Every structure is written in C-alpha cells, then in structure tokens.
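Please look over the chain shown here before reading the points that follow. They are meant to be checked against the coordinates one residue at a time.

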Amino acid sequence: VQLQASGGGLVQPGGSLSLSCRASGRVFSLNGMGWYRQSPGKERELVGFSTGSIRRYGDSVQGRFTISRESKNMLSLQMNDLKPEDTAVYYCNAVDSTQTYWGQGTQVTVSS
C-alpha cells in the first residue's frame, strides 16, 4: 500500500485547512486509516483515526478537526480553528492485518 498526502501549507491562526490522503495498491485489505503529526523535538502523535464507523481523535484536536473516510482509498482531514501549536508535519497512516503504512508527510504551518 502506498499513501500520498496533499493539502498542507501556511495558514493564519484561527484559519482552516484540509488535507487529503490517497491510498493505492492493496487498499481492499485496509482496516483503518488516519492521520498523525510530528513537531520538531516531539514524538509523533495521533490526530485522528477511522476504523469502520468509529472515529477517534487526539485530545488536542478534539472538536476542531474532523476526519472523513470518503472511500476505501481516500481519507480527508478538515482542520478548523488552527493554532500555532498545530504546526507540524502531518502523516497519513493506514493499517491492515499485518502491517502499518505511512505516507511521506505534508507540512502544516500555522503562523501570522
């Protein structure tokens, strides 16, 4: 499975941004897809994950970010009310019964 993320960029505090992730390859085997992020000097953390009808979010983004599994191979992340602390490289993630897959990451910078 290959994951291609897109949609990062620069946004002002309080603004919105949307990310997309397209999976290719053995997408029929995927059990779930989600987003993680990593800031310099910090560990990679959960943003949101989708498994079937279940959605779970990291505490720091709950209520501001929404993930949508639009199809078996498409996942989006809508980010509202962005804060400077949301600045990070965002990684698309997918899992099947045996492996975890990561996309290349897309930079999101929240700054005035």
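The model is predicted. Its largest nonpolar core has 27 residues, and elsewhere Tyr-36, Tyr-91 and Trp-102 form one aromatic cluster.

**Nonpolar core**

- Within the largest nonpolar core, the residues with the most contacts are Leu-3, Met-33, Trp-35, Phe-65, Leu-77, Met-79 and Tyr-90.
- Two or more residues of this core come from each of strand E1 (2-6), E3, strand E4 (32-38), strand E7 (65-71), E8, E9 and strand E11 (106-110).
- In soluble globular proteins, nonpolar side chains tend to be buried together.
- Met-33, leaving aside neighbours within four places in sequence, is in contact with Leu-3, Cys-21, Ala-23, Phe-49, Ser-50, Arg-69, Lys-72, Leu-75, Cys-92, Asn-93 and Ala-94.

**Aromatic pairs and the charge over the rings**

- The count of aromatic pairs comes to two, and one of them joins Tyr-36 and Trp-102 edge-to-face, at 5.2 Å centre to centre and with 70 degrees between the planes.
- Because Tyr-36 lies in strand E4 and Trp-102 in strand E10 (residues 100-102), this pair ties together parts that are 66 residues apart in sequence.
- Tyr-36 is buried, with a relative accessible area of 19%, since buried means under 20%, whereas Trp-102, at 38% relative accessibility, counts as partly exposed.
- Tyr-91 and Trp-102 also form an edge-to-face pair, with 6.5 Å centre to centre and 90 degrees between the planes; this pair links distant parts of the chain, with Tyr-91 in strand E9 and Trp-102 in strand E10, eleven residues apart.
- Tyr-91 is buried, with a relative accessible area of 15%.
- The charged end of Arg-44 sits over the ring of Tyr-91, 3.8 Å from the ring centre, and the charged end of Arg-44 also sits over the ring of Trp-102, 4.5 Å from that ring's centre.

**Ser-20**

- Ser-20 is found in strand E3 (residues 17-24) and, at 27% relative accessibility, counts as partly exposed.
- Not counting residues up to four places away in sequence, Ser-20 touches Gln-4, Ala-5, Ser-6, Trp-35, Leu-75 and Ser-76.
- Ser-20 and Gly-52 are 32 residues apart along the chain, and their C-alpha atoms are separated by 18 Å.

**Asp-81**

- Asp-81 is found in the loop between strand E8 (74-79) and strand E9 (88-95), and at 37% relative accessibility Asp-81 counts as partly exposed.
- The phi angle of Asp-81 is near 50 degrees, which is a positive value in a residue other than glycine.

Notes: Residues are numbered from 1 along each chain as its sequence is written. This is a predicted model: local features need pLDDT of at least 70, side-chain atom pairs count only at pLDDT 80 or more; totals for chains, interfaces and linings use all residues. Side-chain values use heavy atoms; hydrogens and water are left out. Helices (H or I, at least four residues) and strands (E, at least two) are DSSP runs, numbered from the N terminus. Buried means under 20% relative accessible area, exposed over 50%, partly exposed in between (1.4 Å probe, protein chains only). Contact means heavy atoms within 4.5 Å. A nonpolar core is a set of buried Ala, Val, Leu, Ile, Met, Phe, Trp, Tyr and Cys residues joined through side-chain atoms within 4.5 Å. Rings of Phe, Tyr and Trp (its six-membered ring) pair if their centres lie within 6.5 Å; planes under 30 degrees apart count as stacked, over 60 as edge-to-face and the rest as tilted. A charge sits over a ring if NZ of Lys or CZ of Arg is within 6 Å of the ring centre and within 35 degrees of the ring normal.
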